[in-house]
Amino acid sequence: MKQIPFKNRYIDLGKNFYARTKPSPVSDPGLIIFNHELSGELGLSDTCLSTPESAAIFAGNRVPDGAEPLAMAYSGHQFGHFNSQLGDGRALLLGQIVRPDGVYFDMHLKGSGQTAFSRGGDGRSALGPVLREYLVSEAMARLGVPTTRALAAVTTGEEVAREQLLPGGVITRIAASFVRVGTFEYFSSRGDLDSVTKLADYVIEQNYPACRDAANPYQAWFEAIIDRQAALIAQWMQFGFIHGVMNTDNMSIAGDTIDYGPCAFMDHYAHDQVYSSIDRHGRYAYNKQPSIGLWNLTRLAESLLPLLDDNTGAAVEAAKGALNNYAGLYEDYWLDGMRKKTGLMSRPDRDKALIDELFDVMAANRADFTLTFYYLSMLSMDPADQDKDVRCLFDNPGQFDHWAQQWRACLRQEGGDDATRQASMQAVNPVYIPRNHQIEAAIRAAEDHDDFSAFHKLHATLQKPYVLQPQKDDYMLPPEPDEVVQQTFCGT
Ligand code: AMP
Ligand code: MG
């Protein structure tokens with residue numbers, strides 16, 4: 001059997017970066033799901049991870065050869081307030097693996113027991129949040145959004161005490177990096193410039209190798225981070241995704257969506273939608289996400305200033321210059337994506353107003369986010385009765401008709417043909433997203449009845465989000481009034 005291709009570089013950064021910790025064994029590991037496809041891509045097939053004994057590894061009962069588990073240290077701004085000592089309280093970097101093409105990935109267990117950073121927490125995860133992260137992160141990957149991936153999920157055979165006793169679970173996740181904005185804040189807030197520099201060099205090596213050759217590598221790197229965050233958040237916005245806890249410790253330095261907690265996709269559209277039970281003031285509401293991205297990047301800039309220039313004044317100017325580009329980058333990514341979603345191609349200035357108006361009409365009419373765009377991508381230039389499906393989504397369909405008239409006028413000016421436009425729109429407007437009520441139903445069946453069939457069926461559907469699948473209407477449709485999920489929980 002092949003060895004897992006571990007090559008742990010993080011460990012070389014030094015002891016102040018982590019606490020070496022073994023996962024705490026659980027009583028009865030049971031494999032729920034293993035991601036064969038991802039395992040293949042990572043070159044992990046034919047290793048111990050694809051044998052019947054793998055549940056013991058994914059539960060933390062057995063540490064595979066070559067792994068050097070550790071809990072990473074980090075700080076973070078949580079809801080705007082700095083907490084200097086967070087760190088992995090219930091997760092471990094099992095090790096780093098090298099994909100066949102030489103790219104490094106971090107392999108993490110989440111829910112694997114207490115660490116030096118647990119701060120009184122039990123280091124465990126309930127099964128619900130494990131299933132939620134598995135479903136949503138894999139759905140994001142299929143939608144084409146940068147994200148950490150899910151490699152496996154297991155049950156533990158043990159209960160965790162939350163508001164009630166719940167079955168426990170562990171998820172194994174893979175990321176381009178588990179370094180966060182908060183990791184830089186950790187060293188910067190301790191005045192440890194040497195470690196900030198080491199960490200920056202490490203991240204550039206692993207995630208931004210192209211920046212090494214720039215005239216000023218750190219400046220180029222900071223600009224590249226800003227670019228990736230702007231692109232990422234624009235994509236969230238295009239799918240109606242609300243992360244829910246955009247604390248700086250939950251922002252990946254590599255530009256991936258990370259730490260799926262109370263995240264959710266919107267059903268009906270509302271500009272300021274919030275689902276997270278802990279986001280009482282709507283700091284991380286849907287429409288706040290772009291500006292929170294900038295706020296977080298500004299905290300990163302503060303940590304990186306000494307790298308940008310020896311002269312503090314010049315460093316501040318350099319950081320400001322880069323941060324000032326964020327809004328424009330974000331707008332460009334957003335508009336570009338939204339124009340693809342609406343099939344508009346030729347006039348960005350005109351298209352922005354039309355797209356903004358669509359969102360206003362959707363909000364006023366509580367139209368379903370995903371289905372509005374999906375049905376829109378079925379329409380042709382001729383507004384006969386084919387508008388029926390999309391009109392039904394609007395409380396006052398006349399308002400949609402009014403918008404659609406302007407939209408068709410624009411399409412006519414562009415002069416493309418229906419079939420080409422419909423195909424390109426359907427390639428970016430999913431039929432299926434992980435809807436809250438479906439996730440909830442899958443979790444309830446698993447937690448309450450030990451029945452994973454709803455989880456597997458939902459997961460299978462989300463593997464092909466852009467393809468209409470037979471007998472899958474349930475997964476496409478918004479919730480019935482009694483199925484609506486008003487709040488989501490991080491489950492810590
Ligand atoms: P999160 O809200 O999941 O991003 O977690 C914020 C911080 O709390 C991180 O440092 C986590 O590792 C830690 N944490 C969350 N849940 C637990 C838990 N059950 N036990 C220990 N630490 C936890
Ligand atoms: Mg977190």
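**The ligands and their surroundings**

Student: How many residues surround ligand 1, and which are the closest?
Tutor: In this predicted model, ligand 1 is surrounded by 18 residues, and the closest of them are Gly 87, Gly 89, Arg 119, Gly 123 and Asn 250.

Student: Which atom of ligand 1 is 2.5 Å from Gly 87?
Tutor: An oxygen atom of ligand 1 lies 2.5 Å from a polar backbone atom of Gly 87. For Gly 89, a polar backbone atom is 2.7 Å from an oxygen atom of the ligand. With Gly 123 the ligand atom is a nitrogen, 2.9 Å from a polar backbone atom of that residue.

Student: And how much of the ligand's accessible area does the protein cover?
Tutor: On its own, ligand 1 has 480 Å² of accessible area, and the protein covers 86% of that.

Student: What classes of residue make up the shell?
Tutor: The shell around ligand 1 has eight charged, eight polar and two nonpolar residues.

Student: What about the magnesium ion, which protein donors does it have?
Tutor: The magnesium ion, ligand 2, has Asn 250 (OD1) and Asp 259 (OD) as its protein donors, at 2.0 to 2.1 Å.

Student: Is Asn 250 buried or exposed?
Tutor: Asn 250 has a relative accessible area of 13%, so it is buried; the cut-off for buried is under 20%. Asp 259 is buried as well, with 11% relative accessibility.

**Helix H11**

Student: Changing topic: how many residues of helix H11 are buried?
Tutor: Eight of the eight residues of H11, 369–376, are buried, so this helix is largely enclosed by the rest of the structure. Among them are Phe 369, Phe 373, Tyr 374 and Tyr 375.

Student: What caps the N-terminal end of H11?
Tutor: Asp 368 does, with a side-chain oxygen 3.4 Å from the backbone nitrogen of Thr 370. Thr 370 is itself one of the buried residues of the helix.

**Backbone angles and loops**

Student: Now the backbone. What is the phi of Asp 46?
Tutor: Asp 46 has a positive phi of about 65°, although it is not a glycine.

Student: Why point that out?
Tutor: Because most residues other than glycine have a negative phi.

Student: Where does Asp 46 lie?
Tutor: Asp 46 is in the loop between H1 and H2. It is exposed, with a relative accessible area of 54%. Cys 48 is found in the loop between helix H1 (36–41) and helix H2 (54–58) too, but Cys 48 counts as buried at 14% relative accessibility.

Student: And Phe 79, what is its phi?
Tutor: The phi of Phe 79 is near 50°, which is positive in a residue other than glycine. Phe 79 sits in the loop between strand E4 (76–78) and strand E5 (81–83). With a relative accessible area of 26%, Phe 79 is partly exposed.

**Contacts and separations along the chain**

Student: Which side chain does Asp 267 join in a polar contact?
Tutor: The side chains of Asp 267 and Arg 435 are joined by a polar contact of 2.7 Å. Asp 267 is in the loop between strand E12 (264–265) and helix H7 (289–308), and it is buried, with a relative accessible area of 8%.

Student: How far apart are Lys 340 and Ser 424?
Tutor: They are 84 residues apart along the chain, and their C-alpha atoms are separated by 7.4 Å. Lys 340 lies in helix H9, residues 326–342, and is partly exposed at 46%.

Student: What about Gln 422 and Leu 329?
Tutor: Gln 422 and Leu 329 are 93 residues apart along the chain, with 27 Å between their C-alpha atoms. Gln 422 is found in helix H14, residues 418–426, and counts as buried at 17% relative accessibility.

Student: Last one: is Val 431 buried or exposed?
Tutor: Val 431 counts as buried, at 1% relative accessibility. It lies in the loop between H14 and helix H15 (436–449).

Key: Residues numbered from 1 in each chain as written. Chains lettered and ligands numbered in written order. Predicted model: local features only at pLDDT ≥ 70, side-chain atom pairs only at ≥ 80, totals over all residues. Heavy atoms only, no water. Donors = N, O, S within 2.8 Å, 3.2 Å for Na, K, Ca; no water. Buried < 20%, exposed > 50% of the residue type's maximum accessible area, 1.4 Å probe, protein only. Near = heavy atom within 4 Å. Polar contact = N/O pair within 3.5 Å; in protein donor to acceptor, adjacent residues only side chain to side chain. Areas by Shrake-Rupley, 256 points an atom, 1.4 Å probe, with all protein chains shown as cover. Nonpolar A, V, L, I, M, F, W, Y, C, P; charged D, E, K, R; others polar. Helix = DSSP H or I, 4+ residues; strand = E, 2+ residues; numbered from the N terminus.
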